[in-house]
Amino acid sequence: MKNVMILFNFPGMTSKEYDRVWDDLRAKGHSNPYGLLYHIGAPTSDGWMVVDEWESEEDFKNFGEILMPILEKNNIPKKAPTVMPVHYVYSHILAEHH
């Protein structure tokens, strides 16, 4: 399968809520989810945005079974992400090592 970009927009989410989700993932042994290549979390003017690159949409969906209960536990409303096939990725870190 082709790599996918996953985009979540969480209006009203705070950095503390975002950090709690990661704390819960780590506590359950998921600090390095299978198939996740890149993860970026950043504040927006009205909440929080997450952009991931996954090896496949299937890997992301499998991780969703772990993530969704953690989001519920932290009272973060369910949001359907935007899923797009990756066309191009550039990383200066990768470029320096190849």
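**Exercise 1. Classify Lys78 by its accessibility, and find its salt-bridge partner.**

Step 1. Lys78 has a relative accessibility of 61% and therefore counts as exposed. The classes are buried (under 20% relative accessible area), exposed (over 50%) and partly exposed (in between), with a 1.4 Å probe and protein chains only.

Step 2. The model is predicted: local features need pLDDT of at least 70, side-chain atom pairs count only at pLDDT 80 or more, and totals for chains, interfaces and linings use all residues. Residues are numbered from 1 along each chain as its sequence is written, and side-chain values use heavy atoms, with hydrogens and water left out.

Step 3. A salt bridge is a side-chain nitrogen of Lys or Arg within 4 Å of a carboxyl oxygen of Asp or Glu. The side chain of Lys78 forms one with Glu72, at 3.6 Å from N to O.

Step 4. Glu72 has a relative accessible area of 46%, so Glu72 is partly exposed.

**Exercise 2. How many salt bridges are there by this rule? Describe the pairs of Asp23 and Asp24.**

Step 1. The count comes to four salt bridges. Side chains of opposite charge can pair when their charged atoms come close.

Step 2. Asp23 pairs with Arg26, and their closest N and O atoms are 3.5 Å apart. Both residues lie in helix 1, three residues apart, about one turn of the helix. Helices (H or I, at least four residues) and strands (E, at least two) are DSSP runs, numbered from the N terminus.

Step 3. Asp23 is partly exposed, because its relative accessible area is 44%. Arg26, at 48%, is also partly exposed.

Step 4. Asp24 forms a salt bridge with Lys73, at 2.9 Å from N to O. This pair links distant parts of the chain, since Asp24 is in helix 1 and Lys73 is in helix 2, 49 residues apart.

Step 5. Asp24 is buried, with a relative accessible area of 15%, whereas Lys73 is exposed at 53%.

**Exercise 3. Locate Asp59, and state which side chain of opposite charge is nearest to it.**

Step 1. Asp59 lies in helix 2, which covers residues 57-73.

Step 2. Lys and Arg count as positive and Asp and Glu as negative, while His and the chain ends are not counted. The nearest side chain of opposite charge is Lys61, 12 Å away. Asp59 is buried and has no salt bridge.

Step 3. Contact means heavy atoms within 4.5 Å. Leaving aside neighbours within four places in sequence, Asp59 is in contact with Tyr34, Gly35 and Trp54.

**Exercise 4. Describe the largest nonpolar core, and list some contacts of Trp54.**

Step 1. A nonpolar core is a set of buried Ala, Val, Leu, Ile, Met, Phe, Trp, Tyr and Cys residues joined through side-chain atoms within 4.5 Å. The largest one has 19 residues. Those with the most contacts inside this core are Phe10, Met13, Val21, Leu25 and Trp54.

Step 2. Strand 1 (4-11), helix 1 (15-27), strand 3 (47-54) and helix 2 each supply at least two residues of this core. Helix 2 gives the largest share, five residues.

Step 3. Not counting residues up to four places away in sequence, Trp54 touches several residues, including Ile6, Pro33, Leu37, Asp59 and Phe63.

**Exercise 5. How many cavities of 30 Å³ or more are there, and which residues are closest to the centre of the largest?**

Step 1. On a 1 Å grid over the protein atoms alone, a cavity is a set of points where a 1.4 Å probe fits but cannot get out, and lining residues have an atom within 4 Å of a point. Grid points are joined across faces, edges and corners, and a volume is the space filled by probe spheres set on the points.

Step 2. The count is one cavity of 30 Å³ or more. The volume of the largest cavity is about 190 Å³.

Step 3. The largest cavity is lined by 17 residues, of which Val21, Trp22, His39, Val50 and Leu67 are the closest to its centre. Strand 1, helix 1, strand 2 (36-43), strand 3 and helix 2 each supply at least two lining residues.

Step 4. Trp22 lies in helix 1 and is buried, at 14% relative accessibility. Not counting residues up to four places away in sequence, Trp22 touches His30, Ser31 and His39.

Terms used: On a 1 Å grid over the protein atoms alone, a cavity is a set of points where a 1.4 Å probe fits but cannot get out, and a pocket is an open set with protein on both sides within 12 Å along at least five of seven lines; lining residues have an atom within 4 Å of a point.
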